[in-house]
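The sequence and the structure are shown first, and the main points follow by topic.

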Amino acid sequence: MNAKKERREVAAALQALPLLAAVPGKDVEALAGAGRLLHLRAGWTIMAADTPADSAYVVVDGTTCVRKGEVVLAHLGAGAVIGESALLEGRLRTATVSAETDVTMLRIGYDELRPLLAARPALQQAIQGEYDRKHLPVA
């Protein structure tokens, strides 16, 4: 499949996710073009706690398991953003995330993601909203 067609297909899959449903299509297509689609088997580690971070991920399909030590913090599926905390807070990874089922996800390097978020406010708001949903206390 050619790169342009794959980017459109990835963008369509991302646009269907609740996280990005309100983001303009051109912004979602830019996100798809900045990232790389990955297919990981169940059991694979996506990121490890207390390690340097260089990318964030959007889960397109499948389920991941987020752990801190042996404690399961969450099961995240389609539409979840993983790795945004390290980007927004400028720190090491805070948890270990593994593929609980086979997972399809978009990996976006921070060097590509930072300028994309700066130039596209709706995308920035969606990522910040996901971060806030996971980190701010519920009233």
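In what order do the elements of the chain run from the N terminus on? In this predicted model, the order is α-α-β-β-β-β-β-β-α-β-β-α-α. In number, these are five helices and eight strands. The radius of gyration of the chain is 14 Å, close to the 14 Å that the globule rule gives for 139 residues, so the chain is as compact as a globular protein of that length.

**Overall form and surface**

- The C-alpha trace spans about 40 × 35 × 30 Å along its principal axes.
- Of the 139 residues in the chain, 40% count as buried.
- The chain exposes about 7,500 Å², and carbon and sulfur atoms supply 53% of that area.
- When contacts between residues at least 6 apart in sequence are considered, 74% of them join residues at least 24 apart.

**The nonpolar cores**

- In soluble globular proteins, nonpolar side chains tend to be buried together.
- The largest nonpolar core of this chain has 26 residues. Leu14, Leu20, Leu31, Leu113 and Leu123 have the most contacts inside it.
- At least two residues of this core come from each of the following elements: helix 1 (3-15), helix 2 (25-34), strand 3 (55-61), helix 3, strand 8 (103-109), helix 4 (110-119) and helix 5 (121-135).
- Another core, of 15 residues, lies apart from the largest one, and Ile46, Tyr57, Ala95 and Val103 are among its members.
- Leu123 is in contact with Leu20, Val23, Asp27, Leu31, Leu116 and Leu117, when its neighbours within four places in sequence are left aside.

**Helix 2 and its cover**

- The buried residues of helix 2 are Asp27, Val28, Ala30, Leu31 and Ala32.
- The cover over these buried residues includes helix 1, strand 8, helix 4 and helix 5.
- Two of the buried residues in helix 2, Asp27 and Leu31, are also among the contacts of Leu123.

**Helix 3 against helix 5**

- Ser85 belongs to helix 3 (residues 84-89), and Tyr131 belongs to helix 5.
- Is Ser85 buried or exposed? Ser85 has a relative accessibility of 8%, and because the limit for buried is under 20%, Ser85 counts as buried.
- Tyr131 likewise counts as buried, at 13% relative accessibility.
- Beyond its neighbours within four places in sequence, Ser85 is in contact with Gly90, Tyr131 and His135.
- Tyr131 touches Glu84, Ser85, Leu88 and Glu89, residues up to four places away in sequence not being counted.
- Tyr131 and Glu84 are 47 residues apart along the chain, and their C-alpha atoms are separated by 6.8 Å.
- Arg133 is also found in helix 5, but this residue is exposed, with a relative accessible area of 52%.
- From Arg133 to Leu17 the separation is 116 residues in sequence and 16 Å in space, C-alpha to C-alpha.

- Thr45 is found in strand 2, and at 52% relative accessibility Thr45 counts as exposed.
- Which residues does Thr45 touch, not counting residues up to four places away in sequence? They are Thr96, Val97 and Ser98.
- The C-alpha atoms of Thr45 and Ser98 are separated by 4.2 Å, although these residues are 53 places apart along the chain.
- Asp50 lies in the loop between strand 2 (45-47) and strand 3.
- At 58% relative accessibility, Asp50 counts as exposed.
- Asp50 has a positive phi of about 60 degrees, although Asp50 is not a glycine.

Definitions and conventions: Residues are numbered from 1 along each chain as its sequence is written. This is a predicted model: local features need pLDDT of at least 70, side-chain atom pairs count only at pLDDT 80 or more; totals for chains, interfaces and linings use all residues. Side-chain values use heavy atoms; hydrogens and water are left out. Helices (H or I, at least four residues) and strands (E, at least two) are DSSP runs, numbered from the N terminus. The radius of gyration is taken over C-alpha atoms; the globule rule is 2.2 Å times the number of residues to the power 0.38. Buried means under 20% relative accessible area, exposed over 50%, partly exposed in between (1.4 Å probe, protein chains only). Contact means heavy atoms within 4.5 Å. Accessible areas come from the Shrake-Rupley method with a 1.4 Å probe; for residues, only the protein chains shown count as cover. A nonpolar core is a set of buried Ala, Val, Leu, Ile, Met, Phe, Trp, Tyr and Cys residues joined through side-chain atoms within 4.5 Å.
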